[in-house]
Structures are given as C-alpha cells and as structure tokens.
Amino acid sequence: MDQVADLLSEILAELREMNGKMDDIMGSGLYNSITDVCNKLDDVESKLSSIDFNTM
C-alpha cells in the first residue's frame, strides 16, 4: 500500500509540474484555451521559418 501511495505522490508531482508548464505556454488570450496554445505554436513556427539557419 505504501508503494501505491508513493507512486500516486510521484504522479501528482509530475502533473503539477506539467500544469505549471502549461501555465507558461497559455495566456495569450482571454480564456487560456487550447486555441491560445495553438496560436502561440503558430507564432513560434512562423518565427522559426524566418530564420536562415544556413548563415549560422
């Protein structure tokens, strides 16, 4: 039973860490929705596509 409690504790810690990372990603819009995350990913994609990696 202690092993189950330890495992659940580890899962909870991982979920909290993931939630914190999602908080960092989200937030560009009013409701912090999946659409906001997709919009940020689109922004990143467009910025990456404008970089000429051959000059680096």
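The protein chain exposes about 5200 Å², of which carbon and sulfur atoms supply 58%; accessible areas come from the Shrake-Rupley method with a 1.4 Å probe, and for residues only the protein chains shown count as cover. The model is predicted: local features need pLDDT of at least 70 and side-chain atom pairs pLDDT 80 or more, while totals for chains, interfaces and linings use all residues. Residues are numbered from 1 along each chain as its sequence is written, and side-chain values use heavy atoms, without hydrogens and water.

The chain has 2 helices and 0 strands (DSSP runs numbered from the N terminus: H or I of at least four residues for helices, E of at least two for strands). Of its 56 residues, 4% are buried (under 20% relative accessible area; exposed is over 50%, partly exposed in between).

A nonpolar surface patch of about 760 Å² is made by M1, V4, L7, L8, I11, L15 and M18. Patch residues have over 30% relative accessible area and no salt bridge, with nonpolar side chains joined within 5 Å and like charges within 9 Å; a salt bridge puts a Lys or Arg side-chain nitrogen within 4 Å of an Asp or Glu carboxyl oxygen. M1 lies in the segment before α1 and counts as exposed because its relative accessibility is 84%.

D2, D6, E10 and E14 form a negative patch, Asp and Glu being counted as negative and placed at CG and CD respectively. E14 belongs to helix α1, residues 2–25, and is partly exposed because its relative accessibility is 46%.

How values were computed
Buried < 20%, exposed > 50% of the residue type's maximum accessible area, 1.4 Å probe, protein only.
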